[in-house]
Amino acid sequence: MLGMRWTPLAAMMVAGLAAMLLAGSGPAAAMQTGGADLTRSVPALRETDAVASIDDAADDPAIWRNPADPAKSLIVATDKKAGLNVYGLDGHLRSTIAAGRVNNVDLRSNVMIAGKRAILVAASDRNVIGDGRLALFALDGKAATLTEIARVPIAMAEPYGLCLYRAGRRLYAFVVGKDGLIIQLRIDTAGATATAIPVRTMKLATQSEGCVADDRTAALYVAEEDVGIWRFGAAPDAPITPIKLAGVDGVQLIADVEGLAIAAKGRNRGWLIASSQGDSAYAAWRLPDYRYVGRFRITANGAIGGTSETDGIEISTANYGGDFRHGLMIAQDGDNAPKAQNFKLVRWADIATALRLK
């Protein structure tokens, strides 16, 4: 996530000009294309404590839902210069593990770890360029702490993106290299030694990072930063040729295309959300037909600022109680001045209302 940094005002001006050039001018043209002037506003509700590192450091979040007490669920997020942070839904830091330069993070519950069912956290490890690794941790949901399990070598010089995919009892990681290489690994943490065995490789042409896999439909979505969003089959025997879902067009998506997340609904419905970093916005497509449904920005709410130049995002539509009984979105904030970067929390219900999602 090292793309060009624009000011929000400049990005909005470019977005508006692009919309007019691509679709004519005036309200009618904007309605036909979903132009930037139709981008809705959704207020941030909460924010996390700032990361310890300065400059471009906060990156990617994941959510663990506590089934016994959803209000005590946790957020695991990367400080890509220092390690992993664990936050409560109140945004306060609960613990930190010094894992070094870990870039993206994902997790799954009820995974066998050394003979016991636990919460597995995986992160892309780029501590040594040229010696890429998959970092694996166990999350203690009660204590809100992480314990390192293993650092498994992978054949990738610089792991960037990462997302997990579960198919029955099998768990896979997709690791996305900075050069567009994608490696699918089968993870096994049940025994004394954790393994991550490569089962398939795919390739996009240029710098890529954000990814998300849909366990329900066996679909993998990957963001090629200056190009757009691609879909692969997530099964290890699926074709390796991607299908393009959306392009960087200066209207719906403005480079870089960064974090991806799925707001799931039912067996195969919901929405795919992408961070349009170039104008500090987010675009949405309906599942399973990939119909574009609109854009939104996360705006300030009193003392809590909005988001800008977002890298990683995560969404859950599950019930977390209270303000988040209809789900939540977590988005990295690239400019949390005067403090270091952090993550903003938004009610999913507010996003659904703003975009009139049904």
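In this predicted model, four strands come together as an open sheet, arranged in the order S7-S8-S9-S10 with antiparallel pairing. Strands S7 (102-113) and S10 (145-153) take the edge positions; each has a single partner strand, so one side of each is left without a neighbour in the sheet. From one strand to the next, the twist averages 25 degrees. As a general point, it is backbone hydrogen bonds through which the strands of a sheet pair, in either a parallel or an antiparallel sense. Here, strand S9 (residues 133-140) and S10 are joined in the antiparallel sense over eight bridges.

Attention now turns to the aromatic side chains. The structure holds seven aromatic pairs. One of them is formed by Trp271 and Trp348, whose ring centres are 6.0 Å apart and whose planes meet at 40 degrees, so this pair counts as tilted. Distant parts of the chain are linked by this pair, since Trp271 belongs to strand S20 (residues 269-276) and Trp348 to helix H3 (residues 348-355), 77 residues apart. Trp271 is buried, with a relative accessible area of 6%, and Trp348 is buried too, with a value of 5%; the cut-off for buried is under 20%.

Elsewhere, one aromatic cluster is made up of Tyr165, Tyr172 and Phe174. A ring also meets a charge in this model: the charged end of Arg65 sits over the ring of Tyr320, at 5.8 Å from the ring centre.

Key. Residues numbered from 1 in each chain as written. Predicted model: local features only at pLDDT ≥ 70, side-chain atom pairs only at ≥ 80, totals over all residues. Heavy atoms only, no water. Phe/Tyr/Trp six-rings, centres within 6.5 Å; stacked < 30°, edge-to-face > 60°. Helix = DSSP H or I, 4+ residues; strand = E, 2+ residues; numbered from the N terminus. Buried < 20%, exposed > 50% of the residue type's maximum accessible area, 1.4 Å probe, protein only. Lys NZ or Arg CZ within 6 Å of the ring centre and 35° of its normal. Pairing = 2+ DSSP bridges. Axes fitted to C-alpha atoms, helices over the stretch in contact; angles between N-to-C directions.
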